[in-house]
Amino acid sequence: MQQPANCLIFAQWIITLDPAKPVLTDHALAIAGDRISAILPTVEARKLAADKIVELPNHALMPGLINSHGHAAMSLFRGMADDLPLDTWLNEHIWPAEGQWVSEEFVRDGVELAMAEMIRSGTTTFSDMYFFPNIAAKTITKAGMRAQLAFPVFEFPSNWGQTPDEYIHKGLQVHDDNKHNPLITVAFGPHAPYTVGDDTMSRVATLAAELHDGEFNIQIHTHETDFEVEQSIKDHGMRPIQRLAERGLLGPRTQCVHLVSLNDDDIQTLADHNCHAVHCPESNMKLASGFSPVKKMLDAGINVALGTDGAASNNTLNLFNEMRAAALLAKGLSGDACAVPDSLALQMATLNGARAMGLDNDLGSLEIGKLADVIAVDLSAVEQQPVYEPISQLVYTQAGSAVSHSWINGKLVMDNRLLTTLNIDDIRERAQAWRQQIAKTS
């Protein structure tokens with residue numbers, strides 16, 4: 001006998017991400033505790049008891065989006081140094097600004113700003129690589145969002161740490177502090193091959209393999225520009241991916257971010273090590289870093305997820321935008337209109353992201369028993385009409401602003417566009433205060 005549900009949601013479409021039945025019409029989804037307890041036809045669902053019933057007759061219900069790479073607190077640098085190449089943007093603007101301004105308070109306020117934007121555009125889980133992950137963890141948990149925190153590791157000092165050993169020590173403490181937190185997972189975040197030395201790479205690889213039965217994820221920026229690859233050949237006599245492989249950093253728990261400047265050997269190395277690719281198309285375009293060969297990676301069997309990167313280089317955290325950009329870029333670069341169809345673009349922003357983080361048993365699709373991370377998208381607006389195929393509308397139109405409801409871990413965090421766990425007016429005021437403070441010295 002069906003148990004009573006905490007929440008019963010009736011929608012016109014349910015986008016399951018299940019290949020056997022990707023789109024259900026006139027169905028309902030039941031949430032009990034933090035899990036999906038039932039997905040069944042409307043007629044049957046009307047017979048169920050529920051504490052709360054939500055009627056969404058014009059909506060598509062779908063898995064919450066998974067933003068597989070970003071720097072949440074950098075939302076406070078949004079628009080500060082636009083229209084510059086990566087090296088200039090990073091070395092002459094972002095790193096000096098971080099050195100002056102990044103603090104516990106900066107991270108708290110920046111993460112809240114980022115979460116407000118992400119929830120309002122459909123993201124329920126995000127990966128964050130930034131300083132003070134201990135503060136980020138507390139802020140994220142308070143808001144009821146879900147995140148992977150890839151604690152940064154550098155050779156040089158920052159406002160959060162001085163040496164690789166200190167970064168690793170502090171990061172592992174964040175893991176220990178959150179090992180029973182259902183919303184937070186912690187990963188190693190060696191920043192990039194050009195900011196992490198060989199010995200540190202080897203140590204990260206060893207620790208990741210030894211700790212917690214080798215279930216520690218690693219996320220790293222790599223092959224982000226042609227210049228990075230050329231410099232690696234000059235300094236190390238090999239391409240970055242070959243260097244990562246030789247230091248033991250590549251494997252099925254490794255998330256390689258950007259992957260713009262790739263040749264066929266690089267792609268084969270990633271495939272041979274069962275690595276995951278995190279594609280950030282809009283950030284790469286804005287920084288003129290290049291175009292990731294997504295179709296070639298997919299053809300090689302590599303799992304490709306999507307990320308926004310930080311708002312300082314994007315300038316939005318709207319993952320629906322990334323879906324559209326990823327689908328269109330893949331078509332244009334490959335000359336194949338079927339390179340990334342709408343259903344695959346949606347999968348890259350949901351199930352593939354869950355796979356990259358090792359969370360696909362619980363997230364990324366709407367299935368009975370999985371965690372109830374669910375969003376509703378209102379497809380009734382004139383900009384969405386007519387709706388022949390709901391997945392097409394979700395990927396190719398401006399669906400991010402049409403997200404109306406969001407449940408994370410079974411709890412309603414946005415109700416008809418109103419955030420329930422974050423004070424949007426307070427967040428706006430603090431963001432404006434940071435802008436006034438930073439602008440005085442820039």
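Which element provides the largest share of the lining of the largest cavity? That would be α2, with six residues. Keep in mind that this is a predicted model.

## The annotated site

Let's start with the record. An unreviewed UniProt entry lists His69, His71, His221 and Asp309 under "binding site". These residues span 241 residues in sequence, yet no two of their C-alpha atoms are more than 12.0 Å apart, so they gather at one spot. Among them, His71, His221 and Asp309 are also part of the lining of the largest cavity.

His71 sits in a loop, the one running between β5 (65-67) and α2 (86-101). Its relative accessibility is 11%, so His71 counts as buried, the cut-off for that being under 20%. Setting aside residues up to four places away in sequence, His71 touches Asp128, Met129, Tyr130, His221, Asp309 and Gly310. Two of the annotated residues, His221 and Asp309, are therefore on the contact list of His71.

Asp309 is in a loop as well, between β12 (303-306) and α12 (319-334). With a relative accessible area of 5%, Asp309 is buried. Once its neighbours within four places in sequence are left out, Asp309 is in contact with His69, Gly70, His71, His258, Cys280, Ser283 and Leu317.

## The largest cavity

The structure holds three cavities of 30 Å³ or more. The largest has a volume of about 260 Å³, and 21 residues line it. Nearest its centre are His71, Met74, Leu90, His191 and His221.

What does that lining look like by class? It has 12 nonpolar residues, six polar ones and three charged ones. As for where they come from, helix α2 gives the largest share, six residues.

## The second largest cavity

Next comes a cavity of about 60 Å³. It is lined by 13 residues, and those closest to its centre are Asn67, Gly70, His71, Ala72 and Met118. So which element gives the most to this lining? Strand β6 (residues 123-128) does, with three residues.

By class, the lining of the second largest cavity divides into four nonpolar, seven polar and two charged residues. His71 turns up here too: it is listed among the residues closest to the centre of the second largest cavity, and among those nearest the centre of the largest one.

Notes:
Residues numbered from 1 in each chain as written. Predicted model: local features only at pLDDT ≥ 70, side-chain atom pairs only at ≥ 80, totals over all residues. Heavy atoms only, no water. UniProt positions renumbered as here; feature names shortened; annotations may be inferred. 1 Å grid on protein atoms, 1.4 Å probe; cavity = no way out; pocket = protein on both sides within 12 Å on 5 of 7 lines; lining within 4 Å. Helix = DSSP H or I, 4+ residues; strand = E, 2+ residues; numbered from the N terminus. Buried < 20%, exposed > 50% of the residue type's maximum accessible area, 1.4 Å probe, protein only. Contact = heavy atoms within 4.5 Å. Points joined across faces, edges and corners; volume = space filled by probe spheres on them. Nonpolar A, V, L, I, M, F, W, Y, C, P; charged D, E, K, R; others polar.
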